[in-house]
Structures are given as structure tokens and as C-alpha cells.
Amino acid sequence: MLELSPPLVLLSGPTGFGEYLKLVDPKYVGGVILKTVTLHPKKGNPTPRMADGDFYVINRIGLENPGIHAFIRQIPQLSIPTIASLGGDSFEEYLEVSRIFKEVSERFCGVEYNFSCPNVKEGGLSIVEDTNRWKNLLNEIRTILPNTFLIAKVGIEGVFVEKAAKIVVDSGWNGITLVNTVRGLHFERGHMILGGLSGPLLKPIALRAVYEVRKMYPDLFIIASGGVYSVKDAEEFLNVGANVVGVGSALFKNPEIVEEIGRYLLEVKG
């Protein structure tokens with residue numbers, strides 16, 4: 001089992017490639033999940049990419065990243081446990097990015113696979129629609145990375161989280177991140193933004209997902225993701241069974257919340 005102290009991670013996306021760590025005391029952060037890297041570089045979606053409303057943030061970044069080869073040439077040197085994040089536009093791309101990543105896999109404490117990004121035309125969320133094919137993908141990635149701590153990041157669309165968790169466990173993976181953003185639509189100054197919703201609005205959904213999966217799989221490593229904006233939020237996710245809680249969009253609203261949550265968790269969880 002992956003042990004992170006405090007049980008708090010900075011989530012993939014808002015964290016970038018660790019830049020945010022320059023603004024916080026790393027002793028209050030148990031780990032960081034880097035931005036998702038794909039086989040080929042991605043420029044991401046045109047602006048506007050982000051907006052906020054009452055109780056939510058919406059983004060359509062589109063997995064902007066330099067590609068796996070450039071990433072490997074300049075792997076961030078961070079002072080805390082680091083989890084890589086990988087993605088792909090197709091079944092074959094997930095496998096190819098895994099093969100390339102294998103040569104540096106020991107430099108990370110784990111790798112999270114993004115199977116749920118709602119802001120790309122291919123891959124991401126759509127990869128879980130065919131559950132039999134997705135299970136085959138998980139099995140093949142496990143074969144490529146037999147000793148790596150593997151975590152699947154899933155959303156609530158495309159497949160029930162309980163069924164996704166069963167596939168993760170049956171494929172010999174170690175953990176699951178619950179949940180990714182949910183598809184939404186927002187108007188910003190007359191411009192329509194189609195993107196993924198995060199923030200406090202997502203918290204009850206993520207809490208239920210963690211609760212249901214924990215009931216079924218007591219030994220599965222669970223990273224809670226969705227609406228952690230306060231110490232109380234973090235505590236509730238741990239109470240329903242999360243091993244670790246993640247902070248994402250809250251970084252944009254209140255960057256100081258990371259140290260506040262981390263300090264509390266260190267005091268009560270060690």
C-alpha cells in the first residue's frame with residue numbers, strides 16, 4: 001500500500017508539473033500527481049478555458065502537455081512523493097505511452113492513468129465506454145508495468161464507479177481516483193463553455209462514489225477527488241473510506257487551504 005503523510009495530494013491538472021509546490025511548505029503535502037502526459041504533445045483547447053459559477057469551476061483545458069518524450073527528458077525533481085499521470089487518444093496510445101514510461105517508472109511512487117477527461121475528442125472519458133475493451137487495456141498495461149503502483153482515475157460517466165472499481169481490482173491494479181470532473185455547460189459573457197465541472201458542487205457525488213466503492217473493496221487504495229475546499233471536506237472523505245484526499249480547483253480559490261488541511265491531517269492522522 002502507498003503510504004503518504006499527511007494523506008493529502010495535489011491533484012493532476014491544477015498542480016501542473018509541480019510548480020505550485022513553490023508556494024507551499026512541502027511538509028504539509030503528502031504527494032503530488034503531475035499533469036497528464038500523452039504520447040504526442042497537445043496544445044489544449046482555445047480560450048476561454050476556465051470560468052466559475054456558484055459552487056463550481058468549469059474547465060476545458062484539453063490535456064495540454066509536452067508529450068511523453070519531452071516529459072522524460074525533463075522530469076521534475078520534487079522533494080515529496082510524486083505520482084505521474086498518463087493518458088492517450090486510443091487503446092494503442094495508452095499502451096505505447098506506458099512502454100515509453102517504463103524506463104523511468106522507478107522514479108515515481110506510482111502512476112495514475114486518466115480514463116475520464118471530458119475535454120478531449122478521443123481517449124479520456126470515452127475509453128471506458130466498452131468495459132470489456134477497457135479491462136483488456138488495464139491487463140495489458142499491468143503486463144507492461146508489473147511492479148508499478150497503478151491507479152485508475154475515473155468519473156461517474158461512462159460506467160458505474162462500482163463496476164469500474166471491480167475491473168480495476170480484477171486487473172491487478174492497486175488504486176482508483178474518485179472522481180474526475182463531470183461534463184457541464186456554462187455561459188461566460190455570452191460565450192458558451194463546454195467543460196468539466198469541479199468544486200463544491202461535485203463533493204456529494206464524490207463522497208457517494210468513495211463510500212460505495214469502499215464498501216465493496218476494503219483493500220483498494222482510494223484517492224478522493226471532488227470538492228475538497230476545507231478541513232471538514234477532507235475529514236468527511238477520510239471518514240467514508242478514502243486513503244488520501246486530493247485538492248484541485250480549491251487551489252485557484254484559496255491557495256492557503258493546502259497548508260491548512262495538511263497541518264490538520266498531520267496533527268490527527270500523522
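**Reading a predicted model: hairpin, rings and pocket**

In the hairpin formed by E3 and E4, with 2 residues between the strands, Phe55 has a positive phi near 70°. The model is predicted.

Q: How many bridges join strand E3 to E4, and do the strands run parallel or antiparallel?
A: In a regular strand, side chains alternate between the two faces of the sheet. Here E3 covers residues 50–53 and is joined to E4 by 4 bridges, with the strands running antiparallel. Gly53 stands opposite Tyr56 in E4.

Q: How should I read an aromatic pair, and which kind do Phe71 and Phe108 form?
A: Two values describe a pair of aromatic rings: the distance of the centres and the angle of the planes. The structure holds 9 aromatic pairs. In the one formed by Phe71 and Phe108, the centres are 6.1 Å apart and the planes are at 25°, so the pair is stacked, the cut-off being under 30 degrees.

Q: Which parts of the chain does the pair of Phe71 and Phe108 tie together?
A: Phe71 belongs to helix H1 (residues 68–73), while Phe108 is in the loop between helix H2 (91–101) and strand E6 (110–114), so the pair ties together parts that lie 37 residues apart in sequence.

Q: Are Phe71 and Phe108 buried or exposed?
A: Phe71 is buried, and Phe108 is buried too.

Q: Which residues form an aromatic cluster?
A: One cluster is made up of Tyr94, Tyr113, Phe115, Trp134 and Trp173.

Q: Where does the charged end of Arg263 sit?
A: The charged end of Arg263 is placed over the ring of Tyr28, at 4.8 Å from the ring centre.

Q: Is His186 buried or exposed?
A: A residue counts as buried when its relative accessible area is under 20%. The value for His186 is 8%, so His186 is buried. His186 is part of strand E9, residues 182–188.

Q: What separates the C-alpha atoms of His186 and Phe252?
A: The two residues are 66 residues apart along the chain, and their C-alpha atoms are separated by 18 Å.

Q: What volume does the largest pocket have, and which residues lie nearest its centre?
A: The volume of the largest pocket is about 530 Å³. Its lining has 33 residues, and those nearest the centre are Ser12, Gly13, Pro14, Asn59 and Thr181. Strand E4 (56–59) and helix H7 (250–253) are the elements that give two or more residues to this lining.

Q: How is the lining of the largest pocket divided by class?
A: The lining has 17 polar, 14 nonpolar and 2 charged residues.

How values were computed
Residues are numbered from 1 along each chain as its sequence is written. This is a predicted model: local features need pLDDT of at least 70, side-chain atom pairs count only at pLDDT 80 or more; totals for chains, interfaces and linings use all residues. Side-chain values use heavy atoms; hydrogens and water are left out. On a 1 Å grid over the protein atoms alone, a cavity is a set of points where a 1.4 Å probe fits but cannot get out, and a pocket is an open set with protein on both sides within 12 Å along at least five of seven lines; lining residues have an atom within 4 Å of a point. Grid points are joined across faces, edges and corners, and a volume is the space filled by probe spheres set on the points. Ala, Val, Leu, Ile, Met, Phe, Trp, Tyr, Cys and Pro count as nonpolar, Asp, Glu, Lys and Arg as charged, and the others, Gly among them, as polar. Rings of Phe, Tyr and Trp (its six-membered ring) pair if their centres lie within 6.5 Å; planes under 30 degrees apart count as stacked, over 60 as edge-to-face and the rest as tilted. Buried means under 20% relative accessible area, exposed over 50%, partly exposed in between (1.4 Å probe, protein chains only). A charge sits over a ring if NZ of Lys or CZ of Arg is within 6 Å of the ring centre and within 35 degrees of the ring normal. Two strands pair if DSSP finds at least two bridges between them.
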